[in-house]
Amino acid sequence: MDFTLAPADEALRLRAEHFAREVLEPRARAADEQACFDREVLALYGASGLLGAQIPRALGGAGLSHLQFALSMIELGAVDSSWRGFGTVQSALCGQLLLANATPAQQQAWLPDLAAGKRIFAYALTEPESGSDVTALATEAVRDGDGWRLNGEKIWITNGGIADVILVFATTDRAAGKRGVSCFAVRGDAAGLTSSRMEGEHLGHRGADHARLRLKDVRATAADLVGPLNDGFKVAMSGLEHGRLGVASGAVGIQLGCFRAVREFLRTRRQFGQRLGDFQLLQKELADMHVRLEATRLLTLRAAATRDAGGDNRHEVSVAKYAACEAAVKSADAAVLLFGSRGYSTTASVGRYLRDAKGLQIYEGTAQIQSLLIGRHLIGRE
Ligand SMILES: Cc1cc2nc3c(=O)[nH]c(=O)nc-3n(C[C@H](O)[C@H](O)[C@H](O)COP(=O)(O)OP(=O)(O)OC[C@H]3O[C@@H](n4cnc5c(N)ncnc54)[C@H](O)[C@@H]3O)c2cc1C
């Protein structure tokens, strides 16, 4: 076991930190306050090479290891969870799903554009009556000549309103339950597909696009099927394995962002004639933040390294996501209090970190679902 980063990994981490500080940081507050998705950032993200993540260079990707992907997500998450979330959906949830399941022709058609940020991808699983229970999909794909007709509704789909390609999961054989689900690549401008912004002001990830999608007789052909017919549940899970690593890393990033901000604040803000950081009570708060950050960073990098070594890391990913998201909420909550009244306004980033951290606890398998998966694994019930 070697806990130091290899020079190539540290170089990648520095590149991600530079991108986050130079491109994301100056725009993060405005994106949060104005709830807008910035296409200029997308072009810069694509040009940075980071969006290509683990996609092989031969397919236009960056050829990163899973460890390097996690390091990049930590650095982006330390600055802006909306863009970290975009990267997780595009590169991991969709990119890794396509790498594992798409045909060579589909990969050639989609992955170079995905890596360059020239086409936006979305992953559409959740429905009004199918959230944690992903086997209860009401969206249906019914045979129609040599293709299918898709009908149904999807909610909270990240990138759903701006995507060029949406990976839609639909029931193709209702009697077969989760062995009767298939994945279809639907064009964002497909006839019969409409999108609208998810209602209400969102707690966090305000710089991201979250859509409600309605599919009414949307046509799909065999060329749009991703992975084998009726094996869509496995296809969905193959994306989530990687997406959850991105979320765990993002949660470590939120803690890193909070830690950096709080340490600087404790060093400079003075009360009672001393720096706040001179009060032992507040040193303990910083120590607790540091310990949570280091512990969950190691869990997350272990999950990534397990996969790089060729192992099955699903358990390690669930452990990392569960621990890191809980820790992110705790540390962001502490950071808001430590900033005093400043923490209660968007002038400081810590309030945004807290709002974003709640999202990480919910998507790609809630905290309870992760603990169920962990418990099941420990008791021997997969
Ligand atoms: C910001 C954001 C982005 C998202 N992006 C996407 C996306 O890109 N694509 C996509 O498909 N979906 C997306 N989602 C949806 C997300 O994946 C779901 O919200 C999540 O899976 C939970 O489903 P639900 O909201 O229906 O909650 P429910 O499943 O209704 O759960 C409600 C509560 O009950 C708990 N619960 C449920 N079942 C159990 C059980 N068996 N035991 C114990 N507790 C249980 C849950 O943990 C939760 O606390 C996104 C959501 C958010 C907030």
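**Chat: charged pairs, loops and phi angles**

Me: Is Asp 278 buried, exposed or partly exposed?
Reply: Asp 278 is partly exposed, with a relative accessible area of 33%. Buried means under 20%, exposed over 50%, and partly exposed in between (1.4 Å probe, protein chains only).

Me: Where do these values come from?
Reply: This is a predicted model, so local features need pLDDT of at least 70 and side-chain atom pairs count only at pLDDT 80 or more, while totals for chains, interfaces and linings use all residues. Residues are numbered from 1 along each chain as its sequence is written, and side-chain values use heavy atoms, without hydrogens or water.

Me: What does the side chain of Asp 278 meet in a salt bridge?
Reply: Arg 275, at 3.1 Å from N to O. A salt bridge is a side-chain nitrogen of Lys or Arg within 4 Å of a carboxyl oxygen of Asp or Glu.

Me: How exposed is Arg 275?
Reply: Arg 275 has a relative accessible area of 33%, so it is partly exposed.

Me: Which residues do salt bridges with shared partners join into one network?
Reply: Glu 10, Arg 13, Glu 17, Arg 21, Glu 25, Glu 75 and Arg 260. Salt bridges that share partners link them.

Me: How many salt bridges does the count come to?
Reply: The count is 26.

Me: OK, another pair. What does the side chain of Asp 217 meet in a salt bridge?
Reply: Arg 149. The N to O distance is 3.2 Å.

Me: Where do Asp 217 and Arg 149 lie?
Reply: Asp 217 is in strand E7, and Arg 149 is in strand E3 (residues 147–158). The pair therefore ties together parts that are 68 residues apart in sequence. Strands (E, at least two residues) and helices (H or I, at least four) are DSSP runs, numbered from the N terminus.

Me: What about Arg 212: which residue does it form a salt bridge with?
Reply: Glu 199. The closest N and O atoms of Arg 212 and Glu 199 are 2.8 Å apart. Arg 212 lies in strand E7 and Glu 199 in the loop between E6 and E7, so this pair ties together parts 13 residues apart in sequence.

Me: And is Arg 212 buried or exposed?
Reply: Arg 212 is buried, with a relative accessible area of 15%. Glu 199 counts as partly exposed, at 47% relative accessibility.

Me: Back to Asp 217. What is its phi?
Reply: Near 50°. That is a positive value in a residue other than glycine.

Me: What is phi in most residues other than glycine?
Reply: Negative in most of them.

Me: What is phi of Phe 272?
Reply: Phi of Phe 272 is near 55°, a positive value in a residue other than glycine.

Me: Where is Phe 272?
Reply: Phe 272 sits in the loop between strand E9 (270–271) and strand E10 (274–275). With a relative accessible area of 77%, Phe 272 is exposed.

Me: Switching to Asp 224. Where is its place?
Reply: In the loop between strand E7 (210–220) and strand E8 (225–226).

Me: What is the nearest side chain of opposite charge to Asp 224?
Reply: Arg 219, which is 7.8 Å away. Asp 224 is buried yet has no salt bridge. Lys and Arg count as positive, Asp and Glu as negative; His and the chain ends are not counted.

Me: What is Asp 224 in contact with, leaving aside neighbours within four places in sequence?
Reply: Gln 106, Cys 183, Phe 184, Ala 185 and Arg 219. Contact means heavy atoms within 4.5 Å.

Me: Last one, Gly 188. Which loop is it found in?
Reply: Gly 188 is in the loop between strand E5 (181–187) and strand E6 (193–197). Its relative accessible area is 27%, so Gly 188 is partly exposed.

Me: And which residues is Gly 188 in contact with, leaving aside neighbours within four places in sequence?
Reply: Ala 163, Asp 164, Val 165, Ile 166 and Leu 193.

Me: What separates the C-alpha atoms of Gly 188 and Asp 209?
Reply: 14 Å. Gly 188 and Asp 209 are 21 residues apart along the chain.
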